[in-house]
Structure formats: C-alpha cells, structure tokens
Amino acid sequence: MDINNSANPLLEINTSFSAYLDARTRTSTEHMVDGRMDYAFDGDFSGRAKVNTVSGWSKLYKTITAADIPNEFKKVFRSADTATSMLYANAYNAASVCSERLQVSVPAVMVKTARDVPQIYSLSGEGFDPCIVLTSDIADMCSMQELYYLIGCELGRIQNNHSAYNFAFTYPGISVNNRFSEEAAPEGRAAGETRQISYALNSWLRSADLTADRAGIICLDDPADFPEIYAGIRKKALPDSFGNTDTNIDLDSVREKYDIVHKTPIRSLKLDPETTQDERRIMAGMEFTACEILYSWRPDLDSSGIHLTNKQTLEIRCEILAGAEESPNV
C-alpha cells in the first residue's frame with residue numbers, strides 16, 4: 001500500500017498536539033446555553049421553575065438533598081454490586097460509552113437484586129459522585145443498545161439536575177399521576193402544600209422525560225433506531241415515569257401518525273386525543289433525531305440527506321406532541 005497516496009484515509013487524521021489536547025479537554029460545557037444543556041427540553045427548565053415557586057418546596061428540597069439522597073446513596077452502596085468489566089460488564093461498558101458521548105465522567109453503576117418491577121434511577125447531589133442504580137434483570141435482559149438508551153437517559157437526568165425532583169415522589173402524599181393520598185399526607189397547611197407540590201411535579205415530569213429521552217438518543221449507535229429500542233424496552237415491562245406499562249406498542253401506527261404530523265405546519269399541528277403517552281414520546285424523540293443539536297453532540301453521524309431543524313422549531317413541535325401542558329392523567 002502506498003502511504004503517499006492521497007486517497008489514504010490515514011493521512012486525513014490530525015496528529016498534532018493541539019488536536020490531541022482539544023479532544024482530551026472537550027467537555028459538555030461546550031453545550032451549555034444560559035446555564036442549561038442545549039439538548040434539554042425547554043419545558044423541563046420552566047417546569048422546575050414552577051415547582052420552585054410552590055410553598056414548602058424549598059424546605060423539602062433542602063431535606064432531600066442534605067439528608068435523603070445521601071442516605072439512599074449509602075444504602076445502595078451497602079446492598080448493591082458495583083458493575084465492572086467483569087461483573088455486569090454490559091452495564092459497565094454501556095456507562096463508559098454513554099459518558100463519552102455525553103461528555104461526562106463515568107458514574108458508578110450499582111446493580112441491585114431483581115425486584116417484582118424492573119427499576120433504574122440515578123442519584124446525584126453535593127458531596128458525592130453521582131451513580132446510576134438498576135436492578136439485575138435490566139442488566140441481564142437488555143441489549144447493548146437498550147442499555148445505551150436507559151443509561152443515557154439517567155446520565156441526562158444527572159446532567160440536568162433531576163435527582164431531587166424525582167426523589168420527591170418517594171414522600172408521603174406525593175405520587176405520580178397526581179394521585180394524592182390524604183391518609184399519607186401531613187395534616188393542616190402542610191397537606192395543602194404537599195398537594196400543590198405533587199401537582200407541580202407531575203406537570204414537570206413529562207417534560208423531564210423528553211430531556212432524558214434526548215440524552216438517551218444521543219448515546220445510541222444509530223439514533224434512527226430509537227422507536228424500536230423504546231418499544232423493545234417497554235415490551236420487557238419496564239414502567240415509564242408514571243408507573244405505566246405498555247407491552248404492545250404498534251410502531252407501524254406510530255410511524256403513520258408521525259409521517260402526517262411531521263409534514264404538518266406548526267400552526268395546524270395537533271394530535272388525536274386518543275394518542276398514548278408512549279406514542280407521543282416516540283414521536284417527540286423522532287423529532288429530535290432530525291435536529292441540528294443531535295449532530296453537534298455526535299459529529300460522527302452522517303446527517304446528509306436529512307432536513308435538519310433548529311432548537312426553536314423542535315421545542316414548539318415537541319411541546320404539542322408530548323402534551324406537556326396537559327393534565328398528567330391524560
């Protein structure tokens with residue numbers, strides 16, 4: 001082989017020290033806009049801003065971050081196994097790949113004994129390094145691409161400071177689907193505050209899912225595979241953030257709906273009220289796969305032949321598709 005041949009692809013590699021330094025020091029700060037990640041759904045930030053204004057939230061947030069999350073972190077490290085290259089190697093390797101693609105430090109991945117319901121969540125806060133916790137059935141039964149998506153989602157939640165807000169759902173009287181328990185809630189004024197916090201958190205949760213989905217999509221080898229990967233995960237009976245399970249997602253139907261809405265101008269865009277939340281999430285994720293932001297994170301992907309949209313257009317369309325402003329019970 002003639003190394004002087006101009007067609008030699010090796011000659012296209014930049015071997016200068018400055019190129020090496022740039023690659024090694026590149027961090028996710030390049031993707032920060034106004035203090036938040038550029039891929040994050042705008043409704044995620046505004047939803048948390050609304051939660052922050054609810055009476056009683058500030059005190060609860062301090063308790064969660066100063067005591068509850070650190071205590072949960074200690075409990076997990078006492079009872080779960082740490083994924084390594086030898087133990088739960090797929091989960092460990094997926095975390096390494098996802099961390100590189102999202103430009104963050106590799107978190108500890110803790111694997112707990114399988115429960116009745118598969119579970120994956122993340123913990124982050126001041127004073128300790130973030131970690132991702134999953135049950136052993138997820139580590140054992142999911143493909144690498146499914147693990148890329150799931151672990152990528154949790155890294156996205158860490159990057160976007162979701163941990164304390166998600167942890168609030170473990171408190172008495174606060175639950176998903178806005179189900180308020182009078183028996184479990186505090187008495188008096190505190191009960192009213194808890195009800196308001198529960199509603200605000202539920203209103204935020206859909207938007208948070210869109211942010212997490214985008215992080216998961218960034219981590220996939222081929223983001224175009226997102227619909228199949230999402231459906232495959234749900235078929236394994238992994239519940240969504242609201243605790244719902246749907247093992248029979250009709251992807252052909254979803255694609256037919258998406259082909260229609262993708263060609264529909266924003267001013268005329270609306271969805272059939274019977275559209276499920278899974279279908280909405282898949283279509284919102286498909287919108288992200290045609291956004292220029294994805295390819296700024298993944299320059300290794302080929303975007304030729306794709307009509308890329310900007311962030312502003314993406315956000316308006318996804319707000320409608322996901323029904324982020326509708327009642328959490330829809």
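Colleague: What does the accessible surface of the chain come to, and what percentage belongs to carbon and sulfur atoms?
Modeller: This is a predicted model. Its chain has an accessible surface of about 16700 Å², and carbon and sulfur atoms hold 51% of that.

Colleague: How many helices and strands are in the chain?
Modeller: The chain contains 13 helices and six strands.

Colleague: And what share of the residues is buried?
Modeller: Of the 330 residues in the chain, 49% are buried.

Colleague: What about contacts with a separation of 6 or more: how many of them are between residues 24 or more positions apart?
Modeller: Such pairs account for 70% of those contacts.

Colleague: Switching to α9. Is it enclosed or open?
Modeller: Helix α9 is largely enclosed by the rest of the structure, because eight of its 10 residues are buried.

Colleague: Which ones are buried?
Modeller: In α9 they are Phe226, Pro227, Ile229, Tyr230, Ala231, Gly232, Ile233 and Arg234.

Colleague: How do α9 and α11 pack, in angle and distance?
Modeller: Helix α9 covers residues 226-235 and helix α11 covers residues 277-288. The angle between them is about 150 degrees, and their axes are 9 Å apart. An angle over 145 degrees counts as roughly antiparallel, so that is how α9 runs relative to α11.

Colleague: Is the crossing left-handed or right-handed?
Modeller: The crossing of α9 with α11 is right-handed.

Colleague: Which residues make the contact?
Modeller: From α9, the contact uses Phe226, Pro227, Tyr230 and Arg234. From α11, it uses Asp278, Arg281, Ile282, Gly285 and Met286.

Colleague: And how does that contact split by class?
Modeller: The contact of α9 with α11 has five nonpolar residues, one polar residue and three charged residues.

Colleague: Now Met283. Where is that residue?
Modeller: Met283 sits in helix α11.

Colleague: Buried or exposed?
Modeller: Met283 is buried; its relative accessible area is 0%.

Colleague: What does Met283 touch, leaving out residues up to four places away in sequence?
Modeller: With those left out, Met283 touches Val254, Lys257, Tyr258, Val261, Leu271, Thr275 and Leu321.

Colleague: Take Tyr258. How far apart are Met283 and Tyr258 in sequence and in space?
Modeller: Met283 and Tyr258 are 25 residues apart in sequence. In space, the C-alpha to C-alpha distance between Met283 and Tyr258 is 6.1 Å.

How values were computed
Residues numbered from 1 in each chain as written. Predicted model: local features only at pLDDT ≥ 70, side-chain atom pairs only at ≥ 80, totals over all residues. Heavy atoms only, no water. Axes fitted to C-alpha atoms, helices over the stretch in contact; angles between N-to-C directions. Helix = DSSP H or I, 4+ residues; strand = E, 2+ residues; numbered from the N terminus. Parallel < 35°, antiparallel > 145°, perpendicular 65-115°, else oblique. Left-handed = near helix turned anticlockwise from the far one by under 90°. Contact = heavy atoms within 4.5 Å. Nonpolar A, V, L, I, M, F, W, Y, C, P; charged D, E, K, R; others polar. Buried < 20%, exposed > 50% of the residue type's maximum accessible area, 1.4 Å probe, protein only. Areas by Shrake-Rupley, 256 points an atom, 1.4 Å probe, with all protein chains shown as cover.
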